Amino acid sequence: MCGIVGYVGPKQATPILMEGLRRMEYRGYDSAGVAIINGDGVKVKKAAGKLSVLVEKLRTETPRGTVGIGHTRWATHGAPTTPNAHPHLDRSGKIAVIHNGIIENAPVIKKALQNRGHVFKSETDTEVLAHLIGAYYEGNLEQAVAAALWDVAGAYGIAVISADEPDVLVAARNGSPLLVGVGEGEYFVASDASAILEHTRSVVYLDDGEMVVLTRDGYRVRNLTETHVEKPVNQIEWDLATIERGGFAHFMLKEIFEQPESLHNTVRGHLLEEEGSARLRGLNLSDEDYKRINRVIITACGTSWHAGLIGEYIFEEMARVPCEVEYASEFRYRNPIVDENTLVIAVSQSGETADTLAAVREAKRRGARTIGLVNVVGSTIAREVQGGLYLRAGPEIGVASTKAFNSQVAALAMVALKMARLRSLSLLQGRQFIEALQALPAQIAKVLERAPEVEKLADRFAEAHNALYLGRGVNFPVALEGALKLKEISYIHAEGYPAAEMKHGPIALIDENMPVVFIAPRDAVYAKIVSNIEEVKARGGKVIAIVTEGDSEIGRLAEAVFTIPPTHDLLTPILASVPLQLFAYYVAVRRGCNVDQPRNLAKSVTVE
Ligand code: M6R
């Protein structure tokens with residue numbers, strides 16, 4: 001979603017802001033702009049479309065100045081046009097505002113301002129906020145911003161500058177992530193650490209209701225009631241190289257290939273081989289707590305929700321605890337039954353997904369125990385849950401989640417293992433599960449060595465218009481995830497189903513043009529899935545099957561098979577998802593799609 005970057009320091013701001021915006025391109029956007037305090041005015045340059053359009057505009061005239069703000073906009077209110085792009089100016093033209101989020105009462109405020117003669121040039125809620133700040137301005141930007149924010153309802157991360165105070169940048173957050181970068185004699189604000197990583201790794205994460213005032217001499221955090229807030233300075237562990245493509249054609253491909261390492265990092269230090277259990281101190285759960293839990297609810301969105309569905313199979317099978325998986329967007333608005341013995345697990349790569357965050361808050365409000373399995377360190381969900389486990393998958397830049405998905409499954413598996421060992425799982429079974437988990441990185445590496453096979457397969461199916469993904473048991477969510485990967489980056493319509501459900505409807509779609517991808521490892525439901533493959537074959541469907549090494553049966557039915565190494569039944573999703581990620585990737589590349597930034601999608605969905 002939208003990206004914010006701001007700078008106060010001794011250097012020229014425009015190149016720093018443009019580089020910051022480039023680093024945030026992966027989040028998804030459809031217009032961009034910068035505002036620089038330039039002489040005694042504010043110079044705004046903005047353009048609809050990709051950053052390259054803005055770069056062209058800046059070529060003819062680059063605003064000079066050492067204080068500025070930059071924004072990439074993902075349209076919510078108003079089309080992705082140049083007038084709607086940020087920054088927006090107030091009525092005087094001296095105050096510039098960039099904003100992530102949605103001001104819900106903007107129409108009411110707009111009407112009131114129009115009655116006072118304000119004229120608006122865009123359809124955005126952000127311009128309304130700019131005018132409101134301008135209306136409150138009496139020579140102190142900090143006070144004007146605070147006054148305006150008392151009036152607004154909704155979510156925001158904002159950064160504001162004023163020509164009348166050329167050395168000041170004011171930023172604030174409520175429901176939309178924002179951090180302060182602390183450099184050597186220079187200060188930044190950003191919605192995403194990657195925007196400022198080139199300049200500093202020292203960051204201060206703002207919380208909801210907080211404002212920060214940056215000057216050339218430092219920064220000061222306060223809340224809306226003017227109370228000073230002391231904040232810790234955190235160090236970001238990763239460096240610039242981890243957010244570069246490093247020789248890969250796309251971030252998505254790089255991230256798929258990083259999985260042996262990312263998965264190893266997720267489980268590193270958590271597995272207790274002797275005890276056949278897991279050490280998960282960050283969850284803040286005692287053995288007694290684990291035993292008291294009588295229900296698990298996993299809440300998430302998109303790919304993380306699919307990881308949650310796999311988690312459900314693992315929790316119920318190993319820990320014998322009832323587990324439900326809920327879309328966070330549904331959980332937050334219904335009347336869920338939870339109590340102090342319910343463990344609510346929020347799963348999120350970004351840790352900023354608005355619905356998942358709201359679900360966490362709702363669960364806490366109702367007295368449930370909340371934990372987070374989150375990738376981005378310092379993110380809002382990670383800070384709001386009562387305990388958590390970082391995935392340690394490293395930054396995921398490609399919009400299509402790949403390595404984070406498998407790390408989420410591994411993290412869920414470790415929580416389930418810990419709970420299971422305090423209940424019904426034997427020492428031996430626990431040790432076997434750990435052995436299987438530890439073998440996964442090398443097994444993924446083996447699968448990745450055969451990426452060229454998947455590439456050839458993609459060549460044959462790149463022109464398909466539809467695809468069906470089918471799996472059973474713990475591999476049914478893999479079918480959902482495989483279908484989501486294909487549709488989001490290649491724009492081929494794809495559906496995932498439990499294989500047996502095919503007969504209840506989707507079978508009508510099968511003809512000789514329909515690729516049907518089966519996830520069919522040698523597990524307890526193998527014979528059943530072979531029957532389903534026969535059914536598709538009988539109707540002329542083109543079967544692609546992911547099977548276990550050594551399988552000789554499915555080959556005679558399928559158009560193509562891809563083998564994965566044998567593992568614990570409950571961990572097959574981790575191996576089976578890798579060729580499906582590669583398949584989606586190569587199909588999308590063949591179709592000329594923008595793999596890392598698919599149309600209309602954002603990496604981090606911070607609005608509802
Ligand atoms: O950051 P999160 O894991 O909370 O994000 C959830 C979904 O928005 C995300 O998984 C989305 O579905 C991806 N585009 C999937 O590739």
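How many residues are there between β12 and β13 in their hairpin? I find two residues between these strands.

Ground rules before I go on. This is a predicted model, so I keep in mind that local features need pLDDT of at least 70 and side-chain atom pairs count only at pLDDT 80 or more, while totals for chains, interfaces and linings use all residues. Numbering starts from 1 along each chain as its sequence is written, and side-chain values use heavy atoms, with hydrogens and water left out.

I looked at how β12 (residues 210-215) and β13 (residues 218-223) are joined: six bridges, running antiparallel. Thr215 faces Gly218 of β13. Strands here are DSSP runs of E with at least two residues, and helices are runs of H or I with at least four, both numbered from the N terminus. Two strands pair if DSSP finds at least two bridges between them.

**Entry 2, the sheet.** I traced an open sheet of eight strands, with antiparallel pairing, in the order β3-β2-β4-β1-β10-β9-β11-β14. β3 (41-48) and β14 (234-235) are the edge strands; each has a single partner strand, so one side of each has no neighbour in the sheet. At the β14 end, I counted two bridges to β11 (residues 202-205), again antiparallel. Ser202 is opposite Gln235 in β14.

**Entry 3, the ligand.** I listed 13 residues around the ligand, the closest being Ser304, Ser348, Ser350, Thr353 and Glu488; a residue is near if one of its heavy atoms lies within 4 Å. By type, this shell has three nonpolar, eight polar and two charged residues. Nonpolar means Ala, Val, Leu, Ile, Met, Phe, Trp, Tyr, Cys and Pro, charged means Asp, Glu, Lys and Arg, and the others, Gly among them, are polar.

I checked which helices contribute: α9 (302-319) and α16 (476-490) each supply at least two shell residues, and α9 gives the most, with three.

A polar side-chain atom of Ser304 is 2.5 Å from a ligand oxygen. Backbone polar atoms also come up: one of Ser401 at 2.8 Å from a ligand oxygen, and one of Thr303 at 3.1 Å from a ligand oxygen. Alone, the ligand exposes 410 Å², and the protein buries 92% of that (Shrake-Rupley, 1.4 Å probe).

How values were computed. Polar contact = N/O pair within 3.5 Å; in protein donor to acceptor, adjacent residues only side chain to side chain.
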